[in-house]
Structures are given as structure tokens and as C-alpha cells.
Amino acid sequence: MRLCVRVVRGLALNFAVIGGLLGGAGVTTLVSTGAAYAQASSVVVEGNRRVESDTVRSYFRPGPGGRLGPNEIDEGLKALYATGLFSDVRINNAGGRLVVSVVENPVLNRVAFEGNKKAKDDQLKVEVQSKPRGTLSKPTVQADVQRIIEIYQRSGRFDVIVTPKIIELPNNRVDLVFEIKEGEKTGVKDIKFVGAKAYSYGRLKEVIKSSESNFLSFLQTTDIYDPDRVEADRDLLRRFYLKNGYADVRIVSAVGEYDPVKKGFTITFNIDEGNQYRVGTVDVVSNVRAIEPATLRNSVRLSSGNIYNADLVEKSVEQMTVEASKRGYAFATVRPRGDRNPEARTINLAFVVDEGQRAYIERINVRGNIRTRDYVIRREFDLSEGDAYNRALIDRAERRLKNLDYFKVVKITNEPGSAPDRVVVNVDVEEKATGEFSIAGGYSTADGFIAEASVADRNLMGRGQFAKASVTYGQRTRGVELSFVEPFLLGYRMAGGIDLFAKENQASNSVSYDTKSIGGNLKLGFALTEELTFAPRYTLYRQEITLPSQYKDCSLTNTAPGCYANGEASLAVRKELAQGPVMVSMLGYTTTYNTLDNNKTPTSGLVASITQDFAGVGGDVNFIRSTGEIRNYYEVLPDIVGVLKLQGGHIGAWGGKDIRMLDHFQMGPNLVRGFAPGGIGPRDLTSGTNNDALGGTMFWGTSVEFQTPLYFLPKEIGIKFATFADAGSVWGYKGPTSWPGVTNETLQVGLGDASMIRSSVGVGLIWDSPLGPLRFDLAYPIKKYCETSIGGGQVCDKTQIFRFGGGTKF
């Protein structure tokens, strides 16, 4: 009797003794008996070229008595196939000798890709497991095909076809070529929110990252279907509802379905909103004797009657945890407990402080970062190896890493350490592009046609630093600017940066002189609390003005009105020109309080800032300038956001020096829309002059605006309609009015009374375009002023009904 077993790849591994007794009754199968067992010492290997015979024998481990039975042979055969070295294995047992015949897999000479244009060879080589000088394994090749398909699907190409081809070479070598037909990008054609009642379709689309394809799709990537992005959108929706009081919300499903008719995906979010809750009672319970609850109450961000906000609950837990650690209780844990009252729709909150389980961080593993340095990620943790483990501080680090916007995915997980009280923290990230190169052009009513080219990176060389260089060239403005920011100066959570600039503004219909400025500033910035930031700075720049010769020819020998025949700049402007270039050296700071729900597209919250500059730290001018601004956002109705803005400022001289005309507040559409730059406030009324704007030392302004998306346009285009009303005033010119010894003129100042309140109403379009924010305003001045000069002429505020520009912030 002879035992013969052949196992073919892809089939189950079965071993049986096959005996053939041929007769009229058919075939009889016999089970192996003890005579079928082979001696382990008599394994013969055939067909191997590269793999040593002893290596093959080592996979057959004898059982009791040093013999190889069916179980031992089965395990050995499985082990041989698991190596990936063999395409076929045959085992024969005859006369107590086990003959193992193998067919070795070919060696990969080369792994190549053909037809790939959207994915580079280097990117694909990193992802596939088949490598040159390795062995050809069909399961590995199939896994590589699937991986290549996944790479293309992540970039929105779901029609990709990958075909592996094997080219045989001499000496059992092969070339492996992946032929790729990339296909077209598969976009998102429709997004649906099923079950959403509290918020409109447009409002929810602002929350998620995915967007629908439109005529501007070539400028964006968020309209490409990405399953990972859809899953992230699901979490964004859940957090949005939790932040707005819907404590029972469930995002039941987020499904992407391919529609062959539309040739794209339809994403459907099924939402179970539940009821909106308000905060009932708020209590702090401490089970740690040395920690008094009253000492932690200031860390609670919510109060009774507020709409329940899961984000503020999380921040309260973090702050209380930090406070407990400062008191020496590093293991203290704070657990929020919420007791719902469905009838009253309230949640009674209790923050419970416990001792917590004693556990230490054994190791922090950072994985997936190719470009970003490890320390850039580690410094976002308030914990390090050897410190007490605290979940709240781990969650804070995860939120900080996501806010950096360096990574597509951030995930922090734990695993047991080498001892029961040790924890290993794993930080898995997936990087995304952080560099930007842009070329933009446009037209501004203030600066004419303008072009800008800039290159920037917010994660320079993977060090977490920000750098930008930009060049601007236009009809009436041109300049160069360099910026660099180190977010962790000297290892502290404090940003430090430097700006260098050179700017030139030429005369326009609202300004009769050219200005040139060159200089820079050093700046710092750090957070005092989650909402409050402080940013001191030092600025040094050289400034000068120039005038055409016909605008500066009045003197003691060439007096009015003769010198006015060809036009003349204001006496204040000519005096600035005579002083020559001026060096300005000043210290300043900005303090900002920010509770906006979204810094880019806010719908609720407040941002307030106070800015002061103290000039006279060296240099040629002395002044103290103070400005303040408050903007409050409130969603009046679904998709209608109201914005109230208040602003004001004052500048005063010190040290016996006058305030230059150039240092006065020159106000226009930045205070009341509908007026030209420098179009309101104190102005030179002297007959025959250009009636230049002189500016004021004080101003105030208020604006009310309502913004809403245009419903007949796709939300992703980012166009909003605005209607507004502005009012404000600027007054208090303190510059020169005469120039003894040079000219006998006397400057006549007008339009600078504090009671002259300008106002306007208008409409606008706000476009968050891929090239940057753009704004179009059409404003009608309701109240403007005119005054009569000594010569009898009328001088009025200068208006500008239409204004267009980029980067305008309301």
C-alpha cells in the first residue's frame, strides 16, 4: 500500500490514506494505520533550489516515539505553505521514508506599475508588500491589488482597475507588473439628512467636511467620496448636537451609496435627534477628603439654565482635573454625572471627584508620522512617560493634535504595560499636506487691479513652525512680506514670531501722496485661559511720503492763490514731506477674548479685543494709541446669523511732540460702508488744495448685519447674502495747522465735529472662495456732511457706493 497526498493552494488541507481495492463493488477508502507512520529521521526533500533541506525538515516535528503521523504531517505542510516560499508541495510516504517534493515560488526581480498618473510609483511601492528580491506569493499579490485599489478609492477613484501580470525570466525569476486603469474621480452628488428637524439642511452641511460636487469642484477635494471622511462627519454631527443640548442624539447610520445614473455617491445620515435639554442644578461632589468642592466650582463652565453643552462639560472636567493635580492629587479623576428629567427637559449635572486608580504611563508610542517630528506631537501632551495616567489630560492632547490641522486622522489608544499599574499610550496619526502655494489676482476699489503670489507652510520641515512669503503687485499698491512663527518658543506653550515687510501705496482718488514703509515686528502670543489670549509685540518701521512737484510749490515767495493753480497738497501733508523719512519704534499688545463656535464661519459667540501701542521707545514719534472691538454672533433664525459690531479708538501724543497726520485714524469703509477710504472725518477745507483727509484722534462705530446663504446656489460654493446698517464718527484732528517760516498759509480744518455721525445701509455678497474670502458691498450713505470753505467752496465727505475687496472682515 502507498500513501500519496497532494495539496493544491486554495484548497483545504486534508490528509487521508487512500487505498484502492478495485472490484465490482467500487472503491474502498482505508484509514491510515500504524504502518503508515514515517520515521522523523528519514525525511527526504526534493525539488528545492534556494531553500536548504534542513530548513524544510525543521517544519516537521515528530510526535510521540519520534514518528510522524497524519497530524504531524498536516501541521508541517501548513507551516511550509505559511512561509510563502512554495507554490506546491507533495508528500509521499513509502517504506517508512517521507519524501517531500516542493516547487519553490519564483524570486521577484522587479515590481513595477504601469498606467498610474495620479499616484506616484514611490507612494505605491511603500504600500505594497511584494518587494524585489522577495518571493512571489499569490495571496500577497492579491492583497497588494486590494491595497492599490484602496489608495485610489481614498482619492475618489472608485472605477479603478488593477491587473497584476507576471513576466517569467530565466533562473526562476519573474517581474511583477501592476497594470492600473485609474478611471475618473467619483464625486459626491447628493447629501441627505434624514430625521433632522431642529436644524436646516444648510446648517448641517456647514458642520460636516464632505461636500457636493459643483462647477468649482476642480478647486476642492472635499466633494470626492471618502469613507473615512464620512465616518469623521458622523462624529462631527454627533458632537454638534451634543454641543447644542441634544444629549440623547444618535447618528444611527452614515451610508454612502453609488448611484450609476448620477455617476456619483449619495451620502445619507440618519439622525435621531431626541429632545433639547437645559442645565438644571450643577454640583461638585468630592470623595477626596483634602479637596473641597468649593475650590473646584470656578472650573465649571456651565450654570443652571444654560443649554446643555457637552464640549463645556468636557472642558470643565479637564480644568478640574488640572486643579486637582496642582493640589497634589495626580490620580484624581473627575466623572460628570447627568440625571435627565425628560418632562422638564433638564439635566442635573454633578462632577464627582474620586481618588482614581493608580496607574503610570510606561511609554508613549507615536506612529504614522513620516514628516512631522516626534517632539511636535509629544509637546501637545501635559503628560510624559513616568507621569500619572489621567484620561482627561489624554483627551485634551487628542483635541490639541486635531486642532493643529497637520493630520488627517488622530487616534489615541491605550494598552496594558509591563505591570498592572503601567499603561502604554499609542498615538496613531495620518499626515496631510500642510504646504500652500497660491497665485491670486483681483480688483479692489481701493487698490485697483492687484496680483499676489505666496508660498506658506504651517508645519515647516515637520517642526510645527509656520512660515510664509508673499509678493503683492498692483496698480496702486505693491509689497513684500515674510513671516515666521515658532509656536513653542524656548520649549514653552508660547508662540514667538517675526514679520518683515516692505510696502508702497501710491496716490489715488482719495489720497494725493505716496507712502513707503519698510520694517518688521517681533511678536509673542500665549493663552491665559481657553478663551483669553495675550499677544505682546515690538514694531519698528521707516516711513516716508512723496509728492508730485506741483503739489508742493506753495511757499513764502510763491503764495496763494497762485500756487494753487496746479493743485496743492494739504499743509499737513507737505510738512510731513519736509520732515523726511520717519522712524517709528513702538511696543504694543493685543488681548483677545473669544467664545466663537467656529472661527471661520461663526454662528454664535463673542470675540472682543483690546489693542494698545506705545510709540516712543526710540524713534522719531511719541504717541499712545488704543483701540477696541467687539463682535457678537447670534443665530436669529435657522440659517440667519445676526452680527453686532462695536468699535472705538483714541490716540494721544506724549513727551511734548505733536501727532503726525499719518498717525491719525483715517476712516472710511472700515468704519461706515458707503464712504471712500479716508472719506469721513476731519478734512482740509483750504480753498485750492486737494482737500486731503487729515484723520482724527478719536472714533467710534457700530454695525448690525444679518447673513444668510443663498438657497438657490449649492452650499459648497460658500456665497452668503448680507444686509447691514452702519453708523460712526471720527473727530479731533491734532496735527499742524500752520508752518511759520515756510509759508503763511493757515490750514482750515472741517468735517471733524464729534456730533457729525455718518450712517449707511446696504447689501452685500460674502464669498468664501477657494482663493480666499471675497466681499462685494453696495451701500447707500443715509447721513453725510458738507462744509463751506473760507473761499466759498463746498467740501463734502467722499462716498463710495460699491466696494469690492478680498480678505475683508466684518
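**View 1. Pairing of strands β17 and β18.** Nine bridges connect β17 with strand β18 (residues 422-431), and the two strands run antiparallel. Within this pairing, V410 has V429 in β18 as its bridge partner. The model shown here and in the following views is predicted.

**View 2. The open sheet β16-β18-β17.** The sheet is open and consists of three strands in the order β16-β18-β17, with mixed pairing. Because β16 (360-367) and β17 (407-416) each have a single partner strand, they stand at the edges, and one side of each is left without a neighbour in the sheet. On average, neighbouring strands of this sheet are turned by 15° against each other, direction ignored. In general, the strands of a sheet pair through backbone hydrogen bonds, in either a parallel or an antiparallel manner.

**View 3. Helix α9 on the sheet.** Helix α9, formed by residues 391-404, packs on the sheet and touches both β17 and β18. The direction of α9 makes about 160° with that of β17.

**View 4. The disulfide between C786 and C796.** The structure holds one disulfide. This disulfide joins C786 to C796, with an S to S distance of 1.9 Å. The link of C786 and C796 is right-handed, with 110° about the S-S bond. C786 belongs to strand β36 (residues 786-788) and C796 to strand β37 (residues 794-796), so the pair ties together parts that are ten residues apart in sequence.

View 5. C786 has a relative accessible area of 35% and is partly exposed. C796, at 26% relative accessibility, also counts as partly exposed.

Notes:
Residues numbered from 1 in each chain as written. Predicted model: local features only at pLDDT ≥ 70, side-chain atom pairs only at ≥ 80, totals over all residues. Heavy atoms only, no water. Pairing = 2+ DSSP bridges. Helix = DSSP H or I, 4+ residues; strand = E, 2+ residues; numbered from the N terminus. Axes fitted to C-alpha atoms, helices over the stretch in contact; angles between N-to-C directions. Contact = heavy atoms within 4.5 Å. Disulfide = S-S within 2.5 Å. Buried < 20%, exposed > 50% of the residue type's maximum accessible area, 1.4 Å probe, protein only.
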